[in-house]
Amino acid sequence: SQMELIDKKIRKLKETKRSMYHRLQNIENAHKDIKLNTMKLIYLEERRALKLNGKVSRDEEVDFLIKKLQKQYEDRLYLFGNNNIGATVSMEYIKKDIYNLYESVFFLLDPWDESYNLILDEGCYLSLTYRGSYEQSKMFIPKMLEYIDNKKYEVLSNPIEIYKIDIHETSCIDEFITEIQIPIRKK
């Protein structure tokens with residue numbers, strides 16, 4: 001009936017409002033106690049994600065993939081409110097000095113979510129968070145790889161970029177916050 005339809009829309013709007021509120025909290029927190037441009041070793045639990053494959057380059061195409069991913073799972077993903085969007089950077093291309101080609105784009109899910117098609121392994125990661133344009137990845141990734149090499153670690157798989165604050169939250173590039181995570185282990 002008409003009433004049920006309206007109730008459904010109200011529920012959806014309330015959910016979106018909650019999601020936006022949560023997002024604003026995240027934006028505030030992301031700016032708070034973050035140490036920028038500093039490498040640190042972190043331990044991460046296994047993470048489940050929904051991915052879209054297809055080698056893509058930065059910006060418009062990644063944005064397009066995120067929108068496609070969102071459309072595909074729109075009943076479950078509210079982009080504004082999900083600060084867990086990421087991409088895996090192609091190591092194969094990094095070796096050729098190309099830093100804006102991605103193997104896949106993904107949304108991190110809750111640990112109990114069964115609809116994942118990608119697992120980011122539990123383990124040790126070298127992490128670095130920066131603010132501003134994505135262009136900076138091509139400056140930071142080589143420094144991180146050099147650090148890994150010097151400390152006698154080995155890279156286990158493609159580096160990951162997590163977009164903590166991106167184009168979906170702000171149009172101001174200076175406010176973007178990106179975390180690079182490289183999975184490693186002692187040689």
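Residues are numbered from 1 along each chain as its sequence is written, and side-chain values use heavy atoms, with hydrogens and water left out. Because the model is predicted, local features need pLDDT of at least 70 and side-chain atom pairs count only at pLDDT 80 or more, while totals for chains, interfaces and linings use all residues.

**The whole chain**

Begin with a cartoon view, in which the protein shows four helices and nine strands, where helices (H or I, at least four residues) and strands (E, at least two) are DSSP runs numbered from the N terminus. Followed from the N terminus, the elements come in the order α-β-β-α-β-α-β-β-β-α-β-β-β. Of the 187 residues, 43% count as buried; here buried means under 20% relative accessible area, exposed over 50%, and partly exposed in between (1.4 Å probe, protein chains only).

Next select R48, which sits in strand β2 (residues 47-57) and is buried, its relative accessible area being 16%. Its side chain has a polar atom 2.8 Å from the backbone oxygen of D113, and the backbone oxygen of P111 lies 3.3 Å from a polar atom of that side chain; a polar contact is a pair of N or O atoms within 3.5 Å, where within protein one must be able to donate a hydrogen and the other to accept it, and residues adjacent in sequence count only if both atoms are side-chain atoms.

E114 is exposed, at 62% relative accessibility, although R48 is buried at 16%.

**Other salt bridges**

A search of the whole structure finds five salt bridges, each being a side-chain nitrogen of Lys or Arg within 4 Å of a carboxyl oxygen of Asp or Glu. Select K164 and E179 for one of them, with the closest N and O atoms 3.3 Å apart. Here too the pair links distant parts of the chain, K164 lying in strand β8 (residues 160-165) and E179 in strand β9, 15 residues apart. K164 is partly exposed at 24% relative accessibility, while E179 is buried at 8%.

Then move to K138 and E135, whose side chains meet in a salt bridge of 2.6 Å, N to O. K138 is partly exposed, with a relative accessible area of 45%, and E135 is exposed, with 52%.

**P183 and Y43**

Return to strand β9 (residues 177-186) and select P183, which is buried with a relative accessible area of 5%. A C-alpha to C-alpha distance drawn from P183 to Y43 gives 9.5 Å in space, although the two are 140 residues apart in sequence.

**Surface patches**

Finish with a surface view and select M3, I6 and I10, which form a nonpolar patch with about 290 Å² of accessible area together. Patches are made of residues with over 30% relative accessible area and no salt bridge, like charges being joined within 9 Å and nonpolar side chains (Val, Leu, Ile, Met, Phe, Trp, Tyr) within 5 Å.

Methods
Areas by Shrake-Rupley, 256 points an atom, 1.4 Å probe, with all protein chains shown as cover.
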